[in-house]
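Hello,

Here is the structure I promised to send you. Have a look at it first, and then read my notes below.

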Amino acid sequence: MIDGVKCSCVGVTADMWQSNTLLDFGIWVSETTGEVRTKRKVAKFQSLQFVISENGACSIAGSLHKYHNGNDTNYNDFAFADLQGTLQSLNSHFHIPLQTASIHSLEIGVNLELNYNPEVILRNIICHKNKPFNNLNSKGKRWGVICEYEDYAVKFYDKGHQSRISEAGRYILRYEIRLNRQRMIKPFGITTLADLQDLEKVAPLLGLLTDKLNEVVFFDFKFKGVGLSESKLLAWQRYSNPNFWQDLDKKQRYKARQRYEALREKYGCIDWAKYCINEVAKKWEELAGNKQKKGRPFPQLQKGMASTEKGTFSKLEYVLEKVACDLSKTTQKKESKKPPRYCITCGRQIDGQKRGSLFCSEKIFGKSAKACRNKDSNRRLTIKRKIKRAMEKDLMLRITYRHDNETYTDTLGANEINVTRDWLDKIVSVEPLKSEAETKKITGEKAKKYFQKISNENLKEPKNEFKKGFENSDKESHNLRD
């Protein structure tokens, strides 16, 4: 939710902090001559830097989340209630008046816990508006991307990799925005640390997160352009190139974005922007509604505890970390009320997949999951082939189907049927009946049994609305489609 912050602590004097046993200030001294290079003093305590400038002004910078945890980790949830407790701690232990502590920069974001490697999403991020992302690398491995402007920066990265918890199978994608100027947060009525205690001011920051996310161009590299014409394939490939977007002005970019989204939707490509926006909104609401966890009192300070590290004298760096994603009790209760969802082919539980999924996801369960979709598709294809062969021979068909949880059987001519996906999903079986020439060969007792069988099966008439679909089909083209 809220993590990094930099603010001036108006109302705090240098003597207040220097006499505080929790802070151990250091100064920059030349190792060669022992000369004091600057009178600026810095102390570090639980990830926060406490700075006393040469003119005596006091300020803090760093991660509120890490300060809350009491260490250099911030991959657990940091809800709004936790933020309130953190701010109260700064006031009580370091005499920082929240009403006058003026914010200069702020970091907002969420952690999205995934059941697959965040690289799946990271590799599909192309650019923000028309500006390419720069890679964040560590030991030759790309673990995130960032796009920086003068007023703000947009950042995505693999929190599990950074926190070294991905080896344990915990995958977390961090999405955050660093606001470098006060003019970026003033429209929300946020100017001091006290404003961060007002949920009515903090909650609308979600709009800023989703707006910037909607400006990001995502691509689906798994789609190779099968079915596209040569010209459309060339356009599709251009959309994956950051340099293509960089050369467009605002109007050209808008039109190109419309054409790209139309192609993506037509060919069923993944809309990563929509997926991320939904997940970010859900997580933000969860953190805004979380209550502070019961247990040890906040803050976690012990008697005699002092800062273990003296301040660094390089430029203040903001630790852009993200929050770990433990499902809250509230979310668990809501999810427990939802009925479980299962693959309609193999029966495997697929609650973790996106809404509307019918089959096992290949991205989650591997290539073997593709068989579930193929099995269902092959069933419909077999039925369509039977109907097509019956059309060629002008045969009758005995069709068994389900409607409103009841099973019906009807006998129709193949040429009376207009096959659609909806009908195919309801059909249980299709049996071609013998031609008129063949039925003439049946005589005596066999003929009686054959016609009795047909009449018995047709005694149970289908619902009117279902039967109508077959009876009116001769008015439409006999198009066999999936």
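**What I found**

At 2% relative accessibility, I399 counts as buried, because anything under 20% falls in that class. Keep in mind as you read that this is a predicted model. I399 belongs to strand 15, which covers residues 396-403. Another residue to look at alongside I399 is I427: the two are 28 residues apart along the chain, and their C-alpha atoms are separated by 7.2 Å.

Is S361 buried or exposed? With a relative accessible area of 17%, S361 is buried, since the cut-off is under 20%. If you set aside its neighbours within four places in sequence, S361 is in contact with Q353, G366 and A369.

Finally, there is a pair of helices to look at. Helix 7 (residues 205-214) packs against helix 11 (residues 272-289) at an angle of about 165°, and their axes are 10 Å apart. The two helices are therefore roughly antiparallel to each other, as angles over 145 degrees are classed that way. Their crossing is right-handed. Which residues make the contact? Helix 7 contributes L205, L206, L209, T210, L213 and N214, while helix 11 contributes C276, I277, V280, A281 and W284. Sorted by type, the residues of this contact are 9 nonpolar and 2 polar, with no charged ones.

Enjoy exploring, and write back with any questions!

Best wishes

Key
Residues numbered from 1 in each chain as written. Predicted model: local features only at pLDDT ≥ 70, side-chain atom pairs only at ≥ 80, totals over all residues. Heavy atoms only, no water. Helix = DSSP H or I, 4+ residues; strand = E, 2+ residues; numbered from the N terminus. Buried < 20%, exposed > 50% of the residue type's maximum accessible area, 1.4 Å probe, protein only. Contact = heavy atoms within 4.5 Å. Axes fitted to C-alpha atoms, helices over the stretch in contact; angles between N-to-C directions. Parallel < 35°, antiparallel > 145°, perpendicular 65-115°, else oblique. Left-handed = near helix turned anticlockwise from the far one by under 90°. Nonpolar A, V, L, I, M, F, W, Y, C, P; charged D, E, K, R; others polar.
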